[in-house]
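Walk me through how the two chains meet.

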Amino acid sequence: MKLFVNGDVIDDLPDPLSVSGLIEALDLPSAKIAVELNLEIVSKSTFDKTMLKDDDKLEIIHFIGGG
Amino acid sequence: MTQKTEQDSLIVAGREFKSRLIIGTGKYKDYAENARALEASGADMVTVAVRRVNISNPKEPMLVDFIDPKSVTYLPNTAGCFTGEDAVRTLRLAREAGGWDLVKLEVLSDPKHLYPDMEETLRAAKMLISEGFEVMVYCSDDPVFARKLEDMGCAAIMPLGAPIGSGLGIQNPVNIRLIIEQSSVPIIVDAGVGTASDATIAMELGCDGVLMNTAIAEAKDPIRMARAMKHAVISGREAYLAGRMPRKKYADPSSPLAGLI
């Protein structure tokens, strides 16, 4: 499966894949991030059951220093 | 009177903060220095930005590992957003990441002066409030816009003292005072403070708080400057509450003239 994550193309991902599965594959700390899938927020409680499909666009964010 | 001073906390959207100083978390050498400056400043609210995770380096240090969001209130900002839609999208993500709805709205215009785009700020504020956000809003020092933002339901009005990152101090004390006098929500000077006396001047005018980033982060010794700002804000607030003496045109001796030998 091919996804667009934070503007980058990531392919050779397994199919089927959930948001949780993607976070695990990217080795990210799920408690410290938020995910947007095709411009819609994915609630943390639904990471497990939200399934991804080819060409989905994801934004994965966290807090950084700012004024 | 002294008891009153000890309980003199900042209240925004029903939340109580011990310190009237809010500090940014940008421009520090690293997060460890940032955390030490925060401790020295005594602030219990920090602004933070929302950005993409670096997926090529997932083990990069994260702000939350240095400044605990459970003990310090994170105020997510919309820096870098130039439209209402961008701001709303960013803060929806922030709410999901952090689970809180107190946010700092800033919709900027020209990168040269970083002045707020007030038309877009008003539109974005309305959108955010309708989605249940508590909005602390960075705005121009214009009493008319400040009134509109308050009427709309913003939780705090945050006029600039001078351009972001300029360190020029409070450029228009007359407008800041007009905004303070007309408002019933907290007024927090956001941007423009360069050194401790600037923060004191803001507080002496009657501001409820001061928000700063560069003045601390770009000082030669950020930890010491953070401490200076803590005292500056307390000092200005105390002077405001104490009520200054009237200005006089001529001298008035402090020692009695009666009983001279």
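**Where chain A meets chain B**

A:Lys32 makes a salt bridge with B:Asp65, with 2.7 Å between the closest N and O atoms. A salt bridge here is a side-chain nitrogen of Lys or Arg within 4 Å of a carboxyl oxygen of Asp or Glu. Between chain A and chain B the count is four salt bridges.

The model is predicted: local features need pLDDT of at least 70, side-chain atom pairs count only at pLDDT 80 or more, and totals for chains, interfaces and linings use all residues. Residues are numbered from 1 along each chain as its sequence is written, chains are lettered from A and ligands numbered from 1 in the order written, and side-chain values use heavy atoms, without hydrogens and water.

Now the whole interface. Contact (heavy atoms within 4.5 Å) links 29 residues of chain A with 32 residues of chain B. The two chains bury about 2700 Å² between them, 62% of it on carbon and sulfur atoms. Buried area is the accessible area (1.4 Å probe) that two parts lose on being put together, summed over both. A:His62, A:Phe63 and A:Gly67 supply 28% of the area that chain A buries against chain B, more than any other three residues.

Next, the strands, which are DSSP runs of at least two residues, labelled E and numbered from the N terminus. Five bridges join E5(A) to strand E4 (residues 45–52) of chain B, and the two run antiparallel. Strands pair if DSSP finds at least two bridges between them. Within this pairing, A:Phe63 stands opposite B:Val50 in E4(B).

Notes. Helix = DSSP H or I, 4+ residues; strand = E, 2+ residues; numbered from the N terminus.
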